[in-house]
Structures are given as structure tokens and as C-alpha cells.
Amino acid sequence: MSTPGAHQLSWAEKAKMLPPTVPLTRKPIVPSIPLPIVSPLDNKLTWVEKGRLLPSTIQIGSHRVMQQSNMMVGNAPPVGGPGWVQAGLSLPSLTPVHNAQVHLRKLLLDAEQQHAIGVLYMESKNTESLYNQNLSEEQQNAKAKLLMLGLDPDSRNALENRWTAQYSVKWVCGMQEQKRTLFQCSCGYHVQARQEREVEKGANRKPENWQRRVPYPFTGCLAHIEVTERVGDGAISRIAGFPEHNGPCQTAVLERVPRIPLHEHVYEVALEQLQCGASLTAIQETNSKMVDNQAYRGMSTYDPKTANVRYLFLPTDHTSLYRKASQNLGVDVRLQPQYNVDDWLNPESTNFKPEVTEAVFHYSARAEAGDRFEICLSTPEMDICAHKYAHHSQLILDGTFGVCSARLLLFIALAVDESNKGVPIALFLFSAETGTKATHASYNTAILEKLIQTWKLRLETKFGSFEPYSAITDTDTKERGALVRIWPQIILLICKFHLRQCWTNQRKKLLKCKAPDFWKNHIRDTLQKLEVDLIATVDHADATALLETHKTFFNNLAANPEAKCACEAGLDHIGYLQKYWMARPLWESWSECGRIAAAARIGVSVEGIIPTTNHLESFNAVLKRKYIQRYLRSGHRLRFDILILLLITQILPQIFRRRNAQRKYSAWVTSRFHSSSGGQDLLLMQQKHHDNQKEYARQLRSVCWWPIDEGRHRHACELLHLQSLYSITTSNVDGLAYTSLCNPSSGGPTPYVISIHTSGRASCTCLDFHHNGKACKHLRALRLLVDGWVIQGLVRAHFHYPLTLENAQALHQPPPRASLPSFMEAPSEIVSIGESFSATTWMMVQAIGQDTMLLGTAFDEEFEQVPSSSRPSDGGSLDSESSGGETSNEEPVGDFGRHVVSQQGISMQIMHRLAQEAQALLPRLYGINNALSDIQTLPSSPEILEFQQVIQKLSARFSSL
């Protein structure tokens, strides 16, 4: 298991730890002409400054020379040595030696300016003054000189000041902190030099963002001053540089509005709001109110004529605000995210964060172009919950992407506690493969197995063992394959939501045939009922027989010419289910049989086995829309270093604090009312009461009774008058039943499905019936229509309408689900002219509600609403195929048999996915082959090159199998 800090990388290696979209190396800054430098690392302190504040010197005019016993004045200095002047030319023998040179490389100059400054330093026209920081007389002289130069504290803060700080560094000498700042005249600031420097650092800005913004015009001024002072009291120790401004600079005036800094109190208030999740609009609104009320610090003595700060928060201030917020979190946004993460995990770094190291159980930097950035998180609380709720129990695993600005995938392991609440127990973050266009598809079984195996070893180190008995995922074979490789005896289940979503997508694609709407709706409803019945099967033979029965039904129904096209679509869907989903090992993972096996192994009831990944989908939604949302900057995704730090220090602790607070509250309530409730647990009683209410509501929805209701009866008559009922069909399954559709009066896109049976069972998908169970206006309208046909003698059947709930509940069988009408026989009575309904024509029935093409029902819409996971919905390409002889009723024996069954199911799913993908791609590949035969030279483009590389990889993979 890899641990943070176990292998120390050099900065040369760190320079390669970049995500795929960032260059692998830092480009060195190379000036156009040689300049005076102090050391190979010119952004570091010289050895003189590190060892002591100032060396012993003697003054020679305006220059100083270091006293060294082993050095003669006439000796030539070593070229490139620290502390020596180097202008790229041969140095004269009597050139003065400067031990603490000015950092000229930090100045933003064009080529002409660089050459001129090089000449100045060669001719020793630069000046340097040294001062004792502990002598008040010398400090007065130093302050007077800064005042003369316009670099005293007041002048630096003045908006009209023409000096700009280009570089600053701090260090500790003895017990005192020193600071050195390099100032450059604004008239000498060159925009193109700044642009070239930023581009070398990897900046990617638009050309218009490089326009000159400093208030003074460019005159080619060479003036620059470097000031060394003590942090705290500002005692000066050194003033060096070239203070003389050129003629045009001395006469230059302001041409642009200078940058006006925002008062620190405004930032303080805005940062507090930002930490609480406030938006920029709310921050600006608060700022406007406080400005009007003069509530900010210092506004009482604010003089607009001489003020050097402002209090109004402008839209352009959000960048500085976000940068300060990141600094408060401990993130240096000037560095690439991977460098920050590496520093936090490096014990030798000054930015080492022990709390991050404690939560990171696996970290792998991206050292080469083909490597992944990998980091896995699990706080101590998550480890405890993992062993408590997932060991010998259930595990949920799913992935998402789009959580940060980089192309990283996030996989989440979740457990369910005793309150049926989801608890995150591990987070796995890793980067996409280099060159991959789709982030969500840039992972495989190997990377998941590697990360989950590392997590398993961590928990085994802490608790001795860790083995989930059951795991539920979506239809992704990579997740399932990784789990079964790590825990061969694990029982793998497929989420019913993703399963039905996959089936629904395939069914809708097939039902886009050119068939009458009536028959398409009829086939769709039949297939929906078939899918529900398949999931409920516990015997593979019964599931196979159910498919064969429906196949026979569709073949018989196809004899009707109008129904033939829709029936062929139904047969194709049944063939899809048989081919891709009915292999016994795969069937066991999504049918009720798998849940029963998991319940038996864990030792809980079948109801205790979660059927979907909704707990994890809900956590994804809360994580993205609640916790991460508050930290987003103007809607932009977070940098991944900020995301990692927030997860460890803010988000995950907050989730567990909330969970612990809720548990403590529940314990307090139970203890507080223990005696008054007779020793009963009030919260448990309340939960039971809530469950009873839900069960009662379910019973209300499962039966229908017909109390006298004048209001609903009046609305039913209005529906008939408006001819709102359409697509009326009949079926003869345990009696005559009528089913109809009715468009919502609110104008919603999904029609209500209404059903009435001769036995008295009835249902509707509207909210009125859903909440009350009483016959709604839609059912009453259909009853009025059916009763009219009975009175006219068009229908020879007697319909029961129970008047009370008790009479309705007395029905020994539950009613048919309105959204899943059962049609196992061809419609025996269809409202049409020439048949039993002589007084009602087919055109009249079509006119009821203006029958239109309606492929979806409320049931379909429910499964189309993808949960908040950012993963794309699973389609038919993730399904697997059944082999011809996999219909044996024999159950696998022992743990080895269970492993074989799980592995077989995954292998079949992968095999048939490949077959389906190949079937879809082959026509295009043949077309590409024909196109290549018509050209002599292969086109040169990134897409063609990547396509060629993928084909070569596929060829090598096929050859190795």
C-alpha cells in the first residue's frame, strides 16, 4: 500500500505531475540577452542573505566591495558564481563586486531596455546604500531617501505613485524576518515582456487581455529600486538599483484610471459571506447597503479627495475575492493543483498538512505522460463506518464525473446504517487516460481493482478483516468485475432503476415503428408488465417460460395487419431480453432470486436488501448541489486541489457532524420522554406510525371505491362532454376490463391511464386517486361511458362498483396496476364501427380527446428521470447475452460456485456488449476502409492519428486473446 511521503520525489519529478491537459514540464525563463544574475535560482536568497543579513563591506564611491582575505582585487571573478556581476561579456579586472545584486530578471523590459540596463551595471552606474537597522540616525537617512524616491509608505499607497512592485521575497535572519521588494517605474513596464513571461508559465489569455493597463505611458524608463527592510517596524537595511527616470518619464502624466484597491474590511465581510455560501449578487447587495450606511471601518474619516482606497465592491473584484478565499483555505492558486497536493502530503514541505495525510490512504502522482493521477480518501470516521456497516453486509459502488475543473473521475463507496441512511465510506479520485475524449469512459476494471484493493488493505490493517457479502451497482461491467476480483464470494446485484432504464431505452427505440398509436400503446403496456414480472421471478425456468408465453402472444397478434409492425417490435424486445439478459448468472443479479440469496448470506430479511443505488444517487446530488455548490466561484468548477482539501477538512467532517448530531438528538428524545411514554421509544413509535400511514396509503392506491360525490360526478360529465377519453381498449383476463387514456387538465405531457374491471377493481394514475383511493373524475367519466354501453346492450357484462373502502378491500386479489395494464390476449372488443358498438363509430372514439401519438406513460417517465448522478444513463450497449445451454435449474453450490456464477455473468455481459458495439461499428469501419482505398497519402490530423493508434491497440489486444 502506498503511503504519503513514502517516496520523496525531486522537483524535476514533480514537474512532470501534471494532468493530461497541462504540459509536462515547466519551461525555464530565458532572457533575450544575458543579464546580471545572482545565482542559477534567481528567485532564491543568496548565500550571503541566508547566512547573515549583510556581509562586511567597504565603500568605494557609490559602490561596495566585499572584504575577503583570499581574494585580490585584480583577480577575475568566476563567471556565473553567486553574488557576482555577469552581463554576458568579458569582465574587466577592476570591476566592483556586488554581493547582493538586484533581481533584474524580474523586471519587465523589452530587448532595448535589457541591453541598456546591462550596460548600466557594467559601467557601475547603479547605486547601493546600506543602513544599520538598529541605529535611529541611519534609519532617518534611509527614510528620507525613500521619501525622495517616492517609495515611503504613504507614497507607495498613493494612487498616483509610478512605482510598481515586480518581485518580493521574505526570509528569517536570526530572530528577525526580512523582506526584499523590487520596484520598477511604470513608464518602463513593457506589456509584451509580461505576456511572454506568462505564456512561458502556461498562461492562456486572449490577446485583448494583454493590453496596457498601467496608468502611465511607456517611455522606456530604466528606473528600478530594490528595498530590503525588516518586517514589522519597516527598518531599512539596503536601498539599491538605478533611481534616475528618463526625460519623457519625468513629464509623463496619468493616461488611465489607476488600480484603486478595495478596503480590507470589505474583503473581510465578503469572505464571511462567501464562507456561508453567499452568491456574488448577495455580496454586492450587502456591500451597497453597508456603503449607504457607512458601516465599514474607516468610513467616518474617509476623505474622497485624498483617499487611496474604495469601499464599493465592483464586479471585477470577484477574482481577488476568490483568491483570498483560497488563501484562507491554505491553497496557493499560483501553483498548479498537483504541486499543492504533493506539498500537502510531503512531510518535508513547509505546506505539509497532517489532516490531509491522515485521510489519504493512497496517492500516486502523475510522473509520466501515460500515468494517472490517483488519490483515495477515507477519514477515520469513514473507516469506522465502513467496518461497522459494510463488513459482512451490503456495499454500494458508483462513479460520477464533472466534480472539478480537471478531467477527474470520482467513485464513491457507500454503506447503509441502521436507520436506512446512506453513509459514505470511501472516495476514489483518478484522472482520465491521456488522449481520452470522454472522461466518463476513460477507466477500466484494472484501475478500479487497484484502488479498491488498496482500500481493502487499509481496513484490514485497522480491523483485521473486511469483506462485504453483497454489492449493488449499475449495469457497468467494470465496477462489477473489480468487485468480484477482490471478493470472489461477493453476491453482485444490479440496480433495478438502471436495469429498467436500460430496458425502457431499448423498448422506446424499437417502438418508433410506423404502426397505429393504439397498437404501439398496447404493445408498450404489455412489455412493461412483462418487465415487472421478470424482475419478480425467483426461478429461471419461470422467467424463460414467461418470455416464451409473450412471444407466442405477439406472434398470434401479428396476424392482424394493423398490429403486425408493433408486434414485430415487441418480438424484437423479447429477443433482446433473451439474448442479453437471460443468461442464468446474469439473471440472478437482477431478479428477486439474487436478493433472496443476498438476504440469506447476510442474515436479514429480503426487505433489508436494497434494490437500487438510490442512496448513492442521493448522496451524489447532495454532494454536488449542496456541499460543493456553496464553494463554486461564479459557477465555475473547483480546482481539484481545492476539492480534495474541502472534502477532507470541510465537507466530510460536516456530513459526519450532522450525522452525529442527529444521533445525539434521537438519543436525547428517547431519554427525555422515556418515563412519560411508559418506557417506549417515541421515535420508533413515530416511525412505525409513519410506515403504517404509508402502508395505508398504499392500500388506498391498490383499491378503489365509489362514494357519492357530486363534485367529481359533475367534472366527469364535463370530461365526457369535452371527449377527453381516448385510446379505449378492452381485455379479458379474469373478466372484462376497459382501459383508457385521458390528458391532464393542467396540460401536462403524460396522459393518465384509467382502468375499470368487472370485479370492481379500478385504478387511475392521477394524483387524486393516488392520495385518496376514491374514484376520481377520470374513473367516473369512464364508468359513465361503460354504463352507457351496458344500458344500450353493447356490452353484456356486469360491473361491480364497491361503495366503501371495506367492500373494496374485501376483493381477494389486488387490482391491476393502472400504469401496467395486463393484456395477455388480443383485444376482444375494440370501439369501432361494424362490431358490437353499432351506435358508436371508430371516428367518434378517436375524436374523444383527439387521439395522438403517445409512446410514454407515467411509468416510463418515472424511469427516465435519471437521478442526480452525473454519469450518463446506461443504454442497451451495456447488456449481455445468454448462451444456448444456460437454462439449467441447478443452483451453484458453495462459495466457489458463487464466484463462478458472478464471473460468468460479467463475462457474458462484456462479450455481448462487444458483439453489439461491433455490430453498430462495422458499417462505418467498412466505409472508412473504402475511403482509405481512394487516397494515396494518409491525411495528417490529430483525429486521424488518434484513430490509427486506437486501431493498433485493438489489433494488439485481439492478437493477445
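The legends below describe several close-up views of a predicted model.

Residues are numbered from 1 along each chain as its sequence is written. Because the model is predicted, local features need pLDDT of at least 70 and side-chain atom pairs count only at pLDDT 80 or more, while totals for chains, interfaces and linings use all residues, and side-chain values use heavy atoms, with hydrogens and water left out.

**View 1. The protein chain as a whole, with its helices, strands and buried residues.** The secondary structure of the protein chain comes to 32 helices and 18 strands, where helices (H or I, at least four residues) and strands (E, at least two) are DSSP runs numbered from the N terminus. Of its 961 residues, 47% count as buried; buried stands for under 20% relative accessible area, exposed for over 50%, and partly exposed for values in between, with a 1.4 Å probe and protein chains only. Among contacts (heavy atoms within 4.5 Å) between residues at least 6 apart in sequence, 70% join residues at least 24 apart.

**View 2. The crossing of helices α22 and α23.** The axes of helix α22 (residues 614-628) and helix α23 (residues 640-672) come within 12 Å and cross at roughly 105°, which makes α22 roughly perpendicular to α23. Here the axes are lines fitted to C-alpha atoms, for helices over the stretch in contact, and angles run from 0 to 180 degrees between N-to-C directions; angles under 35 degrees count as roughly parallel, over 145 as roughly antiparallel, 65 to 115 as roughly perpendicular and the rest as oblique. On the α22 side, F619, L623, Y627 and I628 take part in the contact, and they meet L643, L647, I651, Q654 and I655 in α23. The residues of this contact divide into eight nonpolar, one polar and no charged, given that Ala, Val, Leu, Ile, Met, Phe, Trp, Tyr, Cys and Pro count as nonpolar, Asp, Glu, Lys and Arg as charged, and the others, Gly among them, as polar.

**View 3. Aromatic rings around F466 and W487.** The structure holds 18 aromatic pairs, and one of them is formed by F466 and W487, an edge-to-face pair at 5.9 Å centre to centre with 70° between the planes. Rings of Phe, Tyr and Trp (its six-membered ring) pair if their centres lie within 6.5 Å, with planes under 30 degrees apart counted as stacked, over 60 as edge-to-face and the rest as tilted. The pair links distant parts of the chain, since F466 lies in the loop between α14 (445-463) and β13 (470-473) and W487 in the loop between α15 (477-486) and β14 (491-494), 21 residues apart. Both F466 and W487 are buried, and ring pairs link F361, F428, W455, F466 and W487 into a cluster.

**View 4. Charged ends over the rings of Y267 and F673.** The charged end of K324 sits over the ring of Y267, 4.8 Å from its centre, and the charged end of R672 sits over the ring of F673, 5.1 Å from its centre. A charge is taken to sit over a ring if NZ of Lys or CZ of Arg is within 6 Å of the ring centre and within 35 degrees of the ring normal.

View 5. Most residues other than glycine have a negative phi. Phi of S124, however, is near 60°, a positive value, and this residue is placed in the loop between α3 (111-122) and β3 (127-130), where S124 counts as buried at 14% relative accessibility. Phi of Q294 is near 50°, also a positive value; Q294 lies in the loop between α9 (280-292) and α10 (318-329) and counts as exposed at 53% relative accessibility.

**View 6. Helix α11 and its buried residues.** Eight of the eight residues of helix α11 (residues 337-344) are buried, so this helix is largely enclosed by the rest of the structure. The buried residues of α11 are P337, Q338, Y339, N340, V341, D342, D343 and W344.

**View 7. H263 and V253 in the loop between α7 and α8.** H263 lies in the loop between α7 (247-251) and α8 (264-275), and V253 is found in the loop between α7 and α8 as well. H263 is buried, with a relative accessible area of 16%, whereas V253 is exposed, with a relative accessible area of 58%. Not counting residues up to four places away in sequence, H263 touches R297, V309, R310 and Y311, while V253, counted in that way, touches P215, Y216 and P217.
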